[in-house]
Amino acid sequence: MTPTAAASPVTPLARPLRLLVVDGYTREQRDDHARGYGLTASEAYAAELRRIEPASTAEICCPADADASLPAGADLASYDGIFLTGSSLHIYQLEEAVTRQIALMRAIYASGTPCFGSCWGLQVAAVAAGGTVAENPKGREVGFARAITRTEAGRGHPLLAGRPSAFDAPAIHLDAVVAPPPGARVLAGNALAPVQAAEIVHQGGTFWGVQYHPEFSLGQLAAILRRGDGLLVREGFCHDAEAEQAWIADLETLDRSPARRDLAWRHGIDAEVLDPVRRTTELRNVLAVRMKPVASARLRQ
């Protein structure tokens, strides 16, 4: 597919962007992710942001931890942008690891700092603003979110600039936003999840987020699925363990060799996933359109 418009360029700044990556996982989940992939989800997210904007600095905080030292107020406002990762938690299970993250998201809104979130990040932002997240009645979306289509509100929205009218993206989630909060604009959806991208305005802050994972390489996606302990077989995505392992191995091969047209054709994966620039379109857009202008305005003050 050919994009309908060019993605927003990321122009140079006189100083590095100061970014914060909020890790949604518990300490145990972070350690498990690092064992499988070599990095935690937030470390991988920060590395992807530095690939896009090499001079940026990306700090990490882990609000699921009871002993976490979390920025608030003026500290949050000192960042040029904030990114929220995915998580294995369920936001409707109101344990402290969840409620601390909702409270932090409310503080992010109040700070006015530009914020973007993937998957769990979108869910936290929706609940913090009064929306509802539940187990998706249509089931799990795993591997890729297929045929994501922009809504009327999303057709001209800068978050999705450069995306074609319909596209696929890496994804894995069971929960979904089932009732967007007041002030939300749904920008894209598909057959499994009507809220695949959204803008939420709340308490003076504006959040952009997606249910999929533009920050995931195929290697990271494969590492998560390998730790799923037979998830694809249990939920009927693969016939048996051999088929599951072969599917995951194909993802790992495509991660190393994206020019393998035979595998891309077999799994219906196009350049929107295989090309790292196109895959990270939303990250590039939010950096260019929302976060760099904040940094530039601060330089002029």
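Leaving aside neighbours within four places in sequence, which residues is A46 in contact with? The tour returns to this selection after a view of the whole chain.

**Conventions**

The model is predicted: local features need pLDDT of at least 70, side-chain atom pairs count only at pLDDT 80 or more, and totals for chains, interfaces and linings use all residues. Residues are numbered from 1 along each chain as its sequence is written, and side-chain values use heavy atoms, with hydrogens and water left out.

**The whole chain**

The C-alpha trace spans about 60 × 40 × 35 Å along its principal axes.

Of the 301 residues, 54% are buried. Buried means under 20% relative accessible area, exposed means over 50%, and partly exposed lies in between (1.4 Å probe, protein chains only). Among contacts (heavy atoms within 4.5 Å) between residues at least 6 apart in sequence, 75% join residues at least 24 apart.

Next, colour by pLDDT, the predictor's confidence in each residue, from 0 to 100. The chain averages 93, and 94% of the residues score at least 70. Residues 1-6 have a pLDDT below 50, although this stretch has 19 contacts in the model beyond near neighbours in sequence. Where pLDDT is low, the predicted coordinates should not be read in detail.

Select residues 18-22, which form β1. Four of the five residues of β1 are buried, so the strand is largely enclosed by the rest of the structure. Strands count as paired if DSSP finds at least two bridges between them. Five bridges join β1 to β2 (residues 57-61), and the two run parallel; L20 has E59 as its bridge partner in β2. A parallel pairing of four bridges also links β1 to β3, where L19 is partnered by G81.

**A46 in helix α2**

Move to A46, in helix α2 (residues 41-52). Leaving aside neighbours within four places in sequence, A46 is in contact with V21 and A58. Its relative accessibility is 3%, so A46 counts as buried.

**The nonpolar cores**

A nonpolar core is a set of buried Ala, Val, Leu, Ile, Met, Phe, Trp, Tyr and Cys residues joined through side-chain atoms within 4.5 Å. Select I82, L84, I91, M105, I108, Y109 and F207: of the 32 residues in the largest core, these touch the most other members. The elements that give two or more residues to this core are β1, β3 (81-84), α4 (96-111), α5 (120-128) and β10 (197-202). Another core, of 28 residues, lies apart from it and includes L19, I148, L187 and A197.

Centre the view on Y109. Beyond its neighbours within four places in sequence, Y109 is in contact with A125, A128, A129, I200, H202, Q203, G204, G205 and F207.

Select β10, where five of six residues are buried. On one pairing, four bridges join β10 to β9 (residues 184-189) in the antiparallel sense, with V186 opposite A198. β10 also pairs antiparallel with β11 over six bridges, and H202 stands opposite G205 there.

β10 and β11 form a hairpin with two residues between them. Q203, in the loop between β10 and β11 (205-210), has a positive phi of about 50 degrees although it is not a glycine. With a relative accessible area of 53%, Q203 is exposed.

**A last stop: A147**

Finish at A147, found in strand β6 (residues 141-150). A147 also has a positive phi of about 50 degrees without being a glycine. At 43% relative accessibility, A147 counts as partly exposed.
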